[in-house]
Amino acid sequence: MISFSNVSKQYGKQILFIEADFQLNPGEKVGLVGPNGAGKSTLFRMIMGEESPDDGSVTLPKKLTLGYFRQEVDEMAGRPVLDEAIAGSGRLGDLHHELIDLEHAMSDPERGDELEAILERFGHVQEEYQHLGGYELEARARACLHGLGFEDAQIDGDVGALSGGWKMRVSMAKVLLGNFDVLLMDEPTNHLDIESILWLETFLKAVPATLLMTSHDRDFMNRVVTKVLEIDGGDIVTYSGNYDFYVKEREQRDANQEAAYARQQAKLAKEQRFIERFSAHAAKAAQVQSRVKALDKIERIEPPKKRRVVKWDFRIPGRSGDDVAMLEGVCKAYGARKLYDQFGFHIRRGERWCVMGKNGAGKSTLLKMVAGVIEPDSGSVRLGASLRLGYFSQQALDLLDPDLTVIEQMQQDFPMEGLGVLRNLLGAFQFSGDDVDKKVRSLSGGEKSRLVMARMLFDPPNFLVLDEPTNHLDLATKEMLIEALKDFEGTMLFVSHDRTFLRGLANRVLELGGEEHEGPVVFGGSYAEYVERMGREAPGVHN
């Protein structure tokens with residue numbers, strides 16, 4: 001269906017692909033993996049025809065239709081969200097809006113002399129629209145937008161009023177509605193909450209289209225893909241199976257390569273010793289020459305690339321009192337929307353609370369009240385003794401100095417620390433080599449998130465309040481963070497849509513605004529126990 005044959009591609013001195021091959025077959029669900037900068041986005045652009053390989057060929061069937069969701073927000077304004085989603089959904093969207101225009105034209109008295117031509121065109125468009133399933137399009141569009149978290153009022157409201165994150169969801173709806181043969185999806189879960197991620201999982205598994213996607217969500221990859229393509233040092237390696245299978249197979253392959261490399265190195269050393277020992281012996285000259293020639297012909301095995309994630313052992317924070325945060329009689333409303341009404345909540349030392357709830361349930365509001373960013377309308381929020389609170393949110397990215405480099409930012413924050421210690425910390429958050437010399441202003445959202453997290457955890461507070469801390473973090477950083485925080489001796493209150501993070505860290509669950517009950521529900525066990533007890537991974541979403 002789609003094939004790369006002997007593809008080579010480089011930018012300046014950066015080599016992305018060297019004679020790389022792979023094939024994407026009809027109906028396959030494929031995950032694309034590789035470190036940042038390996039060439040995943042370039043591969044997508046070559047499939048789309050936006051870039052060409054330096055050598056080799058990228059071949060696609062002529063009539064193949066491609067839908068591409070990328071991390072860029074389209075310009076959107078001036079029409080309802082529903083119309084915007086339909087308009088961008090490929091051929092069906094074009095036909096939908098042409099039918100609307102033709103209907104207006106038929107009722108326009110000034111175009112009476114064109115009526116015959118308009119009617120003929122309307123008949124052709126209507127036939128194709130019906131054949132492609134167009135009359136179900138509006139219902140499908142509403143269902144898709146609901147699945148992505150939109151309320152009816154938003155769906156019928158102006159798309160221009162939405163934030164960037166919500167516009168990204170509209171962009172995704174366009175791609176999902178287009179009945180494309182192939183879906184290319186770059187980090188589709190980045191701006192979604194857990195409920196929308198679960199809906200998207202179900203949708204992508206059921207859709208007949210071929211899927212090629214990148215994702216930093218391990219659970220999502222495991223549930224959706226049945227094949228993994230890894231960009232590895234210029235090559236593209238194919239693994240049949242989900243993400244966990246790929247990890248095991250890659251580790252086994254690396255172990256086999258390491259063993260083969262060690263065996264060859266031992267053999268080469270033995271041959272080299274023979275040559276050195278007998279090179280001056282005339283009687284052995286023919287043997288020595290024969291072995292030298294044999295050595296030259298041996299194809300050298302490369303050692304496997306080291307993929308180890310830098311482990312960072314965070315400092316042990318000072319001990320807080322047993323009572324960390326006490327909320328009593330808390331009320332909070334935004335206009336007519338009442339989020340909290342006489343809400344009471346008690347956090348004790350060592351507890352790690354994850355806060356669950358659908359969009360608008362008040363998760364971020366709760367964290368902001370605890371962190372002191374906003375005040376409740378009434379009631380009290382009290383913090384315990386000997387407490388140092390660290391609050392992470394996407395707004396915290398604005399606290400970085402855009403004119404400093406990454407390493408300068410850390411040196412400014414921790415002037416008494418040695419350069420080596422700060423470099424090691426940054427390495428744990430995937431800032432290696434020249435990355436530390438990047439200006440903060442040029443960092444991506446994910447890089448800024450990693451830098452803010454590194455600053456917070458270098459000298460950790462004993463109470464972490466984290467709002468979506470894993471947004472934009474890659475799998476390696478996420479796994480490092482989970483491992484490090486498992487040993488964290490303080491207290492945590494956090495919101496996350498990453499199930500690996502939730503399973504790894506939460507030992508208490510607060511569920512806000514579930515469908516079966518009016519008020520918050522406190523669950524005194526881990527997230528894994530919550531899922532088992534409730535039979536679902538998020539409020540209102542049944543497994």
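A nonpolar core is a set of buried Ala, Val, Leu, Ile, Met, Phe, Trp, Tyr and Cys residues joined through side-chain atoms within 4.5 Å. In this predicted model, the largest such core holds 55 residues. Phe150, Leu183, Met185 and Leu204 touch the most other members. Helix H7, residues 164-177, gives the most to this core, with eight residues.

Strand S6 spans residues 182-186. Five of its five residues are buried, so S6 is largely enclosed by the rest of the structure. In a regular strand the side chains alternate between the two faces of the sheet. Along S6, Val182, Leu184 and Asp186 point one way. Leu183 and Met185 point the other way. Met185 has contacts beyond four places away in sequence. These are with Phe44, Phe69, Met172, Leu176, Leu204, Leu211, Leu212, Met213 and Thr214.

S6 pairs with strand S5, residues 66-69, and with strand S7, residues 210-214. S5 and S6 run parallel and are joined by four bridges. Within this pairing, Gly67 has Leu183 as its bridge partner. S6 and S7 also pair in the parallel sense, over five bridges. Here Asp186 stands opposite Thr214. From S6 the chain crosses to S7 through helix H8, residues 194-206. This β-α-β crossover is right-handed.

How values were computed:
Residues numbered from 1 in each chain as written. Predicted model: local features only at pLDDT ≥ 70, side-chain atom pairs only at ≥ 80, totals over all residues. Heavy atoms only, no water. Buried < 20%, exposed > 50% of the residue type's maximum accessible area, 1.4 Å probe, protein only. Helix = DSSP H or I, 4+ residues; strand = E, 2+ residues; numbered from the N terminus. Contact = heavy atoms within 4.5 Å. Pairing = 2+ DSSP bridges. Right-handed = clockwise from strand over helix to strand, strands pointing away.
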